[in-house]
Amino acid sequence: MSGRALNFLIAGVGGQGIVMASDILSEVGARSGYDVKKSDILGLAVRGGSVVSHVRWAERVHAPVLEEGNADYLIGFEWLEVFRRISYVKAGGTIVVNDCRLDPVSVSSGQLPYPDRTEMLSQLERAAGKVYVIPGLETAIELGNSRTLNIVVLGALSKLLDIEAGVWKEVVKERVPARLVALNQKAFERGRSLTG
Amino acid sequence: MRVLLSGNEAIARGAYEAGIQVAAGYPGTPSSEILENVAKYEEIYSEWSVNEKVAMDMAAGAAYSGRRAMVTTKQVGMNVLSDSLFYTVYTGLEAGLVVVTADDPGMFSSQNEQDNRYYAKLGKLPLLEPGDSQEAKDFVIRGIELSESFDTPVMIRTTMRTSHSKSLVDLGERPEMKEEVGPFTRNAEKYNCMCLWAKKRHPMVEDRLLRLADYAETFPWNRIEWGDRSLGIIVSGVVYEYAREVFPDASFLKLGMTFPLPRLLIREFAGGVKRLVVIEELDPFLEEQIKAMGIEVVGKEIFPPCDELLPQTLRDLGTKAGLLPEDRARGAGTQPSGELPGRSPVLCPGCPHRTSFYLLNKMKLPVAGDIGCYNLGALPPFNAQHTMGAMGASIGVLHGMGKARLPEPAAATIGDSTFFHAGIPPLLNMVHNHGVGTVIIMDNFTTAMTGHQDNPGNDFTLMGEATRRVDIAELVRALGVEKILTVDAFDVEAMESALKECTGYGGTAVLIARGACVFVSRNPQPAYVVDTDLCTACGRCFRLGCPAIVKGEERNEKTGRRKAQIDPVLCTGCDVCRQVCPTEAIRKPEGNPS
């Protein structure tokens, strides 16, 4: 085993590539010598529902889910969804949030307002030790494919962990379609520059 | 080799390594991925049967013929297949047979929270409960061995959390299996559950249970882990993993085989600890049996019979019950302030069911619903589904509404796969008994909600073989229905006039609404646009509940209401909103050749 036990919580909206991101993160942990467990929680709707994924790395992992206040890293693909899971972050933990707003139908239909971004950020900053806000979607679109968003975010996370970039790139290569490997490797590198 | 697998992937791998040659089931969350992964092994014949009972009978036939077999189901599907499962307990089999039920504590995608462990007790067959992916794989292999050595089907019960979480699994090899089997074993007294013969089998079933209970004492996954003896915890399945973390010092009796129970092992454990607790999700299945042994134990007084028992819940309830010192209670993190807007499920942009629910809402018909994505028609803005209970129930409920002589015409909604599963008999019943009502068969060419599995309305099987597609209209005609209309589900006007024609008909009418699910359609169109000069913010398009139609910044000067806007990323160009817009403000983008 190559380091201390780590708990990750990834939150976002169905269609953003969260399950694939947590699969890659789990595989990176396994290849780094950890015991790994993960659990995805998907809503009923295929597209547009809340998605949250728990990933745990340790010498021996029992439960596949985290308790509140226990995430070393809270990784958010969307503001409201990361804010919803704020109770999971450990005091002194790290939050990485993709700067993106997706209105649920309850907001677009005018039932409830979308929470204020500045207020969400200040609460995230109070809850965690460190918050990185990254332009993940913008970066992915700039690269020519919005679906590389999850790889950009993983790149940003990878810079904060003590695992060699080569391990990540190897797993990414195995997980994405062959014709998109080069694009995703680029997305991963661009992601690394966002937190480094 | 060690790989990360979900519980369902691990069960599929277990089927491969156990030498299973035939596997069948009906898709249902959280079990569906088992067969989808089994289908990747060409050594195993796999199929989506039209329902769980059919799958069970088919697997029994394979096992009678000498092929190791597996059946998969979600928890409520067990109710459907149980009828057939129970005879196999009496007959036994020529080759191993495992029945996998994936239960759903927490009801992530089900209509109830039933605890299928009772089926093992009711049906009198052994029950294994894996707690992670490694055990999920191992228990299929061990289940087949058990099945063959005791001549009984074996039940494996997972929960959503074991089915869908991933953990590391050591891979093994598949044994050499015979290409040919046969001839069929002629053992009429064993395989015919005729009362005369079955009566002789019952004592054998009871005797087998006693022998299985002895075996349970030695089952390697039933084990005591001694720790601090002031607290002893009896636990099975994934809850063991949670409890190990929350009560790191306690002693554990971890049960992998939970019916019949290892009574000596339980007595030994109970005698070795000061306070004995059973922690189990849902019903007091273990607790009742342990109490019946005369052992003092607590369970449901502390841990409730509803919902998942996640680590957080165990910690909170364990602390409250004095099983954990207060200072060990972990402080929960900060809570977000204010009421957060929920992200409730909605019909996808481009969903063919949208038109039906928009119209059912507009016509204010009472609607009996069924199992599938179209349950979202019960939610705002449609509020257009009024009952929903089980696969195929909609048509029977509609018939009841008709026979109750409601003062208004009523309708039932049912998807293509659900119709094949359990909709044909009640429709036949309606015809025979002069039923009155409109059955809308919402044919989206797939089993959408569970992940787009094939069904008899498709031209391919789970194994990718070409097959003959069933024409639903022809099938319905053969059942004796005389009033049948088939309409393009995206054509609002045609749907409305067909609905009016069917509901005005004085007998059993079937309206087949055809339109491909956006996930199987290969025909996405460019996003539509709103001409804000023409939009009066009347709100008609919002009644479609399409996530792609949002309120824009521009307002109607008189009413102050916000005009519509279409999200170009989400819109699939299904055209339904253009048809309902009264001012022609919604249209295809300029310069689009299609």
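This is a predicted model: local features need pLDDT of at least 70, side-chain atom pairs count only at pLDDT 80 or more; totals for chains, interfaces and linings use all residues.
**Stop 1: chain A as a whole**

Follow the chain from the N terminus, and the elements run β-α-β-β-β-α-β-α-α-β-α-α-α-α. The C-alpha atoms fill a box of roughly 50 × 35 × 35 Å along the principal axes. The radius of gyration is 16 Å; a compact globule of 196 residues would come near 16 Å, so chain A agrees with that rule.

Chain A exposes about 7500 Å², and carbon and sulfur atoms supply 48% of it. Of its 196 residues, 61% count as buried. Now consider the contacts between residues at least 6 apart in sequence: 64% of them join residues at least 24 apart.

**Stop 2: A:Lys38**

Select A:Lys38. It sits in strand S2 of chain A, residues 35-42. Is this lysine buried or exposed? Its relative accessible area is 0%, so A:Lys38 is buried.

The side chains of A:Lys38 and A:Asp23 make a polar contact at 2.8 Å. In chain A they include A:Val19, A:Ser22, A:Ser26, A:Ser53, A:His54, A:Val55 and A:Pro64. Chain B takes part too: A:Lys38 also touches B:Ser165 and B:Lys166.

**Stop 3: chain B as a whole**

Hide chain A and select chain B. The count here is 19 helices and 22 strands. Along the principal axes the C-alpha trace spans about 80 × 65 × 50 Å. What radius of gyration does chain B have? It has 27 Å; a compact globule of 594 residues would have one near 25 Å, so the value agrees.

The accessible surface of chain B is about 24400 Å², with 52% belonging to carbon and sulfur atoms. Of the 594 residues, 57% count as buried. Among contacts with a separation of 6 or more, 74% come from residues 24 or more positions apart.

**Stop 4: the seven-stranded sheet of chain B**

Select strands S2 to S7 and S12 of chain B. These seven strands form an open sheet in the order S3-S2-S4-S5-S7-S6-S12, with mixed pairing. Go to the edges: strand S3 (45-48) and strand S12 (257-259) each have a single partner strand, so one side of each has no neighbour in the sheet.

Zoom in on S6 (residues 127-128) and S7 (residues 154-159) of chain B. The two strands run parallel and are joined by two bridges. B:Leu127 stands opposite B:Met155 in S7(B).

H12(B) lies across S6 and S12, running at about 65° to S12(B).

**Stop 5: the four-stranded sheet of chain B**

Move on to S9, S10, S11 and S13 of chain B. These four strands make an open sheet in the order S9-S11-S10-S13, and the pairing is mixed. Strand S9 (223-225) and strand S13 (275-279) are the edge strands, each pairing on one side only. From one strand to the next, the twist averages 20°.

Focus on strand S10 of chain B, residues 228-236. S10(B) pairs with S13(B) in the parallel sense over five bridges. Pick B:Leu231, whose bridge partner in S13(B) is B:Arg275.

Bring in helix H10 of chain B, residues 238-246. H10(B) lies across S9, S10, strand S11 (250-255) and S13, at about 155° to S10(B).

**Stop 6: B:Asp443**

Finish at B:Asp443, in strand S16 of chain B, residues 437-443. Its relative accessibility is 8%; the cut-off for buried is under 20%, so B:Asp443 counts as buried.

Show its surroundings. Not counting residues up to four places away in sequence, B:Asp443 touches B:Asp416, B:Ile472, B:Ile512, B:Ala513, B:Arg514 and B:Gly515. Which backbone nitrogen lies 3.1 Å from a polar atom of the B:Asp443 side chain? That nitrogen belongs to B:Phe445.

Last, draw a distance from B:Asp443 to B:Pro352. The two residues are 91 apart along the chain, and their C-alpha atoms are separated by 8.7 Å.

Conventions: Residues are numbered from 1 along each chain as its sequence is written. Chains are lettered from A and ligands numbered from 1 in the order in which they are written. Side-chain values use heavy atoms; hydrogens and water are left out. Two strands pair if DSSP finds at least two bridges between them. Axes are lines fitted to C-alpha atoms, for helices over the stretch in contact, and angles run from 0 to 180 degrees between N-to-C directions. Contact means heavy atoms within 4.5 Å. Buried means under 20% relative accessible area, exposed over 50%, partly exposed in between (1.4 Å probe, protein chains only). A polar contact is a pair of N or O atoms within 3.5 Å; within protein, one must be able to donate a hydrogen and the other to accept it, and residues adjacent in sequence count only if both atoms are side-chain atoms. The radius of gyration is taken over C-alpha atoms; the globule rule is 2.2 Å times the number of residues to the power 0.38. Accessible areas come from the Shrake-Rupley method with a 1.4 Å probe; for residues, only the protein chains shown count as cover.
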